[in-house]
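Colleague: I am new to this structure and would like to learn how to read it. Could you walk me through it, feature by feature?

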Amino acid sequence: MSTGHDTTHRLFVKAIQHEGISCGRDGCPGTVDAIDQSQTRDRIKTFELHCESCGWRSRVTGQEQLAPPWDNAALELMADEHLLHQQPVCPFDDTPVVFISMPNPRRKAKYRVACFYCGRQTEMEWPPPESKR
Ligand SMILES: [Zn+2]
Ligand SMILES: [Zn+2]
């Protein structure tokens with residue numbers, strides 16, 4: 001595990017993955033709570049961080065950057081990793097992406113892929129047409 005102060009991005013990644021965040025400010029042994037402040041429609045998540053032991057409070061939020069969009073190679077890689085039960089990350093900012101399964105009238109699986117740090121989102125049929133599996 002890393003020591004010292006986490007960068008904002010590290011904190012964001014830990015919060016989105018529900019990983020424990022240890023406080024460590026001035027040797028504080030506390031654990032930081034991360035509360036998701038986002039609305040369901042938000043492309044970018046905001047977390048309120050709070051250490052109950054020392055009262056430290058902060059807030060981490062993504063940095064919206066929608067261009068350039070993910071290209072097919074990036075999507076294919078993320079789909080492959082998802083298929084292998086690994087955690088795909090956004091190639092632009094290394095944030096774990098989320099696969100959200102969506103209702104599809106054609107009874108084929110459909111996913112929305114979302115990075116809640118940069119706000120990129122896309123929808124893909126499942127399995128992706130480029131994938132030969
Ligand atoms: Zn603390
Ligand atoms: Zn991203």
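Colleague: Is cysteine 90 buried or exposed?

Modeller: Buried means under 20% relative accessible area, and cysteine 90 has 0%, so it counts as buried. Keep in mind that this is a predicted model.

Colleague: What does cysteine 115 touch, leaving out residues up to four places away in sequence?

Modeller: Its contacts are Arg43, Trp70, Cys90, Asp93, Thr95, Val97 and Arg120. Cysteine 115 also belongs to the largest nonpolar core, which has 29 residues. Together with Phe47, Leu49, Trp70, Val97, Phe99 and Met124, it touches the most other members. Two or more residues of this core come from each of α1, β3, α2, β6 and β7. Domain 1 (8-61) and domain 2 (72-126) each supply at least three.

Colleague: How do I read the geometry around a metal, and what is the arrangement at the zinc ion (ligand 1)?

Modeller: Look at the angles between donors: the ideal for four tetrahedral donors is 109.5 degrees. At the zinc ion (ligand 1), the 4 donor atoms subtend angles of 108 to 115°, which makes the arrangement tetrahedral. The donors are the SG atoms of Cys23, Cys28, Cys51 and Cys54, at 2.3 Å, and their residues are spaced C-x4-C-x22-C-x2-C in sequence. Within this set, cysteine 28 in the loop between β1 and β2 and cysteine 51 in strand β3 link distant parts of the chain, 23 residues apart. Cysteine 28 is buried, with a relative accessible area of 11%, and cysteine 51 is buried at 0%.

Colleague: And how should I read the sheet: in what order do the 4 strands come?

Modeller: Strands of a sheet pair through backbone hydrogen bonds, either parallel or antiparallel. Here the order is β1-β2-β3-β4, an open sheet with antiparallel pairing. β1 (21-22) and β4 (57-61) are at the edges with a single partner strand each, so one side of each has no neighbour in the sheet.

Colleague: How many bridges join β3 to β4?

Modeller: There are 5, linking β3 (residues 46-51) to β4. Within this pairing, leucine 49 stands opposite serine 58 in β4.

Notes:
Residues are numbered from 1 along each chain as its sequence is written. Chains are lettered from A and ligands numbered from 1 in the order in which they are written. This is a predicted model: local features need pLDDT of at least 70, side-chain atom pairs count only at pLDDT 80 or more; totals for chains, interfaces and linings use all residues. Side-chain values use heavy atoms; hydrogens and water are left out. Two strands pair if DSSP finds at least two bridges between them. Donors are N, O and S atoms within 2.8 Å of the metal (3.2 Å for Na, K and Ca); water is not among the atoms, so sites may look incomplete. Four donors count as tetrahedral if all angles lie between 85 and 135 degrees; four count as square planar and six as octahedral if opposite donors are over 155 degrees apart and all others between 65 and 115; anything else is irregular. Buried means under 20% relative accessible area, exposed over 50%, partly exposed in between (1.4 Å probe, protein chains only). A nonpolar core is a set of buried Ala, Val, Leu, Ile, Met, Phe, Trp, Tyr and Cys residues joined through side-chain atoms within 4.5 Å. Domain bounds come from an automatic or database domain assignment. Contact means heavy atoms within 4.5 Å.
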